[in-house]
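Take a look at the model first, then read on.

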Amino acid sequence: MIQWACAECGGPAKWYDHQPERQWRHLDTCQYRTVLHARPPRAECGEHGVRVVKLPWAEASSRFTVLFEALAIEWLKEASQKAVARQMELSWEEIHGIMERAVERGLERRKAEKVAQMGIDEKAFRRGHRYVTLVNDVVRGRVPYVAAGREQSSLDGFWETLRPEQLEGIEAVAMDMWDPYVSSVGEHVPGANGKIVFDKFHIARHLGDAVDKVRRKANKLLKAAGDDRLAGTRYEWLKNPVAMEPKDRREFAELRKSGLKTARAWALKETGMALFSYVYERPARKHFRWWHNWAVRSRLQPMIEVGRMLKRRFENIITYLRHRVTNAASESINAKIQWVKYTARGFRNLQNFIHAIHFHCGGLNLAPATH
Ligand SMILES: [Zn+2]
């Protein structure tokens with residue numbers, strides 16, 4: 001008599017019957033497609049009733065053997081879904097099913113570890129229409145969480161995956177100045193006020209946009225008077241002069257010294273960003289007070305507005321000096337997400353995109369379980 005084990009508790013169970021025949025795709029044998037046929041036995045456990053027993057060659061819901069699925073996963077890490085589908089003769093649904101199960105396994109196996117510094121970012125799915133919210137583990141360079149949307153609820157789900165000691169262990173959260181995220185962190189992370197760090201590149205973007213608004217308006221006026229010094233210089237004002245060709249740098253220096261409104265706006269931007277090179281908080285605060293005064297008296301409306309906004313947000317800008325963190329995902333994570341988007345023309349929905357980010361950027365153990 002074979003002794004069966006209950007699939008639920010592993011305890012002894014009595015043979016009950018066999019299910020109808022099922023098939024599992026296995027690795028090709030020589031060059032031939034190989035399919036396993038079997039009628040899985042069911043066994044009866046005193047506590048859990050009649051269950052299909054655990055099969056040594058496949059996971060419960062899979063139509064592939066463990067070895068086949070493991071190979072597909074290894075290939076999917078290296079090549080596009082389309083290429084793997086073609087080479088292994090799998091449909092889109094089968095590819096997505098393999099990836100989805102892999103991610104579920106990985107998430108279930110993941111240990112509760114401390115994420116000390118994180119960045120919260122959004123990524124567009126299909127150019128500007130819909131978004132996902134990403135949490136980056138800045139220290140380990142991986143993505144522990146992805147969810148649809150960029151509302152407060154999109155991020156709220158993340159905190160629910162953490163234990164109390166993990167929430168306590170969070171030291172810094174970098175993000176754009178985006179109120180739904182601010183509220184979510186505020187409600188879930190202990191001591192959030194001292195931990196939220198508004199991303200300095202996001203701040204640089206706001207300042208750059210303000211300079212460009214000044215430039216566009218000034219350019220119109222100058223042009224009307226037959227002066228086209230500002231035409232086509234939009235990017236000059238955004239670049240760092242250090243990175244310019246010597247000739248361009250000389251021309252730009254002339255422009256900067258010209259006393260044009262744009263030159264003043266540019267100086268405000270550069271001086272404002274100098275905040276981030278301070279080491280100590282006290283002189284940084286002093287610098288900012290002085291800068292804010294200058295900005296709001298500049299008579300340049302866009303600079304006045306950005307100055308006011310930065311003042312309102314200042315307590316979570318200065319936190320940068322304590323934590324030195326930005327929300328930008330690592331180069332390799334960004335490159336992978338770009339690659340996922342590029343190779344995933346078959347994505348029919350957001351959920352597949354989310355699975356693919358978990359699959360490629362989650363740092364998860366994806367391999368199917370063997371018995
Ligand atoms: Zn049982």
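The lining of the second largest cavity splits into eight nonpolar, four polar and no charged residues. Here Ala, Val, Leu, Ile, Met, Phe, Trp, Tyr, Cys and Pro count as nonpolar, Asp, Glu, Lys and Arg as charged, and the others, Gly among them, as polar. Keep in mind that this is a predicted model, where local features need pLDDT of at least 70, side-chain atom pairs count only at pLDDT 80 or more, and totals for chains, interfaces and linings use all residues. Residues are numbered from 1 along each chain as its sequence is written, and side-chain values use heavy atoms, with hydrogens and water left out.

**Second largest cavity**
- A cavity is a set of points on a 1 Å grid over the protein atoms alone where a 1.4 Å probe fits but cannot get out, and lining residues have an atom within 4 Å of a point.
- Its volume, the space filled by probe spheres set on the points (joined across faces, edges and corners), is about 50 Å³.
- Twelve residues line this one, and Gln-81, Trp-339, Val-340, Thr-343 and His-360 lie nearest its centre.
- H13 gives the most to this lining, with three residues.

**Largest cavity**
- This one holds about 70 Å³ of space.
- Its lining has ten nonpolar, one polar and no charged residues.
- Among the residues lining it are Trp-291, Phe-314 and Gly-272.

**Ala-58**
- Ala-58 is buried (under 20% relative accessible area, with a 1.4 Å probe and protein chains only), at a value of 3%.
- Ala-58 and Phe-68 sit ten residues apart in sequence and 9.3 Å apart in space, C-alpha to C-alpha.

Definitions and conventions:
Buried means under 20% relative accessible area, exposed over 50%, partly exposed in between (1.4 Å probe, protein chains only). On a 1 Å grid over the protein atoms alone, a cavity is a set of points where a 1.4 Å probe fits but cannot get out, and a pocket is an open set with protein on both sides within 12 Å along at least five of seven lines; lining residues have an atom within 4 Å of a point. Helices (H or I, at least four residues) and strands (E, at least two) are DSSP runs, numbered from the N terminus.
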